[in-house]
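Okay, thanks everyone for making time. I've put the structure up for us to look at, so let's walk through it together.

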Amino acid sequence: LGHEMFLRQTVAPASEPITLAEAKAHLRVDLTDDDALITALIVAARQYAESETGRSLITQSWRLVLDGFPGSCGPAGTAGPIPSLLPGNAILLDQAPVQSITSIQYLDTGGAWQTLPETEWVAELQSAPARITPAFGKTWPAALPQIGSVKVEFVAGYGEAAAVPQGIKIWMLLRLGALYENREEVSAMRQGKIEALPYVDRLLDAYRVPWI
C-alpha cells in the first residue's frame with residue numbers, strides 16, 4: 001500500500017478552452033440574455049472533462065500532499081491500481097500533462113520544512129501520470145512520520161486553448177448543448193452532478209489517464 005495523498009488546485013486556469021463566442025455559435029444563440037449562464041456552463045463542462053480524464057486543460061497549478069515519501073512497498077500519489085512495473089519509490093502526479101515541477105518540500109525530523117534540491121530527484125513528465133523518483137544513487141530523505149509531511153507543487157495543462165485536444169473541445173460543445181437545452185440538468189449541475197451522455201462521453205476515452 002502507498003501513502004495517503006491529497007491533491008488540490010492552487011491556481012485556477014486564467015481562461016477556458018472554449019470562448020463564449022464559440023459556445024454561442026455552437027448553440028446558435030445571438031442574444032446576450034444567457035451569456036452568464038453559458039459562461040457558467042463552459043466552466044462546468046471543462047471541470048467535468050478534467051475530472052473524467054484526469055487531465056488539466058488550460059495551464060493551472062496543483063499541490064500534492066503526501067503522508068511521507070513512498071518506499072519499496074509501492075508508489076505514492078496514485079488513486080488507483082499500482083502497475084507492477086513502476087518503481088516502488090515513485091511519486092505519481094495524476095494531473096496530466098505536467099509541464100513542470102515547482103518544488104518538492106518535506107518536514108524534516110526536527111519539524112522544519114525543507115526544499116529538496118533538484119539534484120536529488122528526477123522527473124519524467126512525458127508519461128501519464130508523470131513520475132518523480134530520487135536521482136540515480138540517491139534516496140528520499142527521512143521525513144517526519146506524520147500526515148501531510150511531503151508537498152509537491154507542480155504546473156499542469158496543455159497551455160493555451162489552441163493546444164487543448166480537439167476531441168475534448170468537441171465533447172465540451174456537445175455537453176454545452178445538452179445542458180443548455182435541458183434546463184433541469186442545469187439544476188442538477190449546480191448541485192455538483194452532471195449526468196452521463198451515452199456515446200458522446202466516449203469521446204473522452206482516448207484522453208483518460210490510466211485508472212482515472
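So, let's start with K24, which sits in helix α1, residues 20-27. Is K24 buried or exposed? With a relative accessibility of 11%, K24 counts as buried, because the cut-off for buried is under 20%. And what does K24 touch, once we leave aside its neighbours within four places in sequence? The contacts are V29, D30, L31, T32, D35 and I38.

Two of those, D35 and I38, turn up again when we look at how α1 meets α2. The axes of α1 and α2 come within 10 Å and cross at roughly 105°. That makes the two helices, α1 and α2, roughly perpendicular. On the α1 side the contact is made by L20, A23, K24 and L27, and on the α2 side by D35, I38, T39 and I42. Sorted by class, that's 5 nonpolar, 1 polar and 2 charged residues.

Now α1 against α3. Here the axes come within 10 Å and cross at roughly 65°, and the crossing is right-handed. From α1 we have E22, A23, H26 and L27, and they meet L173, L174, L176, G177 and Y180 of α3. By class, the contact of α1 with α3 has 6 nonpolar, 2 polar and 1 charged.

The remaining pair I want to show is α2, residues 35-53, with α3, residues 166-181. A quick reminder on the description: two packed helices are described by the angle between their axes and the distance between the axes. For α2 and α3, the axes come within 9 Å, with a crossing of roughly 130°. So α2 and α3 are oblique to each other, and their crossing is right-handed. Who's in this contact? From α2 it's L37, I38, L41, I42, A45, R46, Y48 and A49, and from α3 it's I168, W171, M172, R175, L176, L179 and Y180. Those residues divide into 13 nonpolar, no polar and 2 charged.

Let me pick up I168 from that list, and bring in D205. Where is D205? You'll find D205 in the segment after α4, which is 183-190. D205 and I168 are 37 residues apart in sequence, but C-alpha to C-alpha they're 9.8 Å apart in space. D205 has a relative accessible area of 31%, so D205 is partly exposed.

Okay, zooming out to the whole chain. We have 4 helices and 8 strands, and from the N terminus on, the order is β-α-α-β-β-β-β-β-β-β-α-α. There are 212 residues in the chain, and buried ones make up 45% of them. If you take the contacts between residues at least 6 apart in sequence, 73% join residues at least 24 apart.

Last bit: confidence. The chain averages a pLDDT of 86, and 82% of the residues score at least 70. Where pLDDT is low, the predicted coordinates should not be read in detail. Right, over to you for questions.

Key
Residues numbered from 1 in each chain as written. Predicted model: local features only at pLDDT ≥ 70, side-chain atom pairs only at ≥ 80, totals over all residues. Heavy atoms only, no water. Buried < 20%, exposed > 50% of the residue type's maximum accessible area, 1.4 Å probe, protein only. Contact = heavy atoms within 4.5 Å. pLDDT = per-residue confidence, 0-100. Axes fitted to C-alpha atoms, helices over the stretch in contact; angles between N-to-C directions. Parallel < 35°, antiparallel > 145°, perpendicular 65-115°, else oblique. Left-handed = near helix turned anticlockwise from the far one by under 90°. Nonpolar A, V, L, I, M, F, W, Y, C, P; charged D, E, K, R; others polar.
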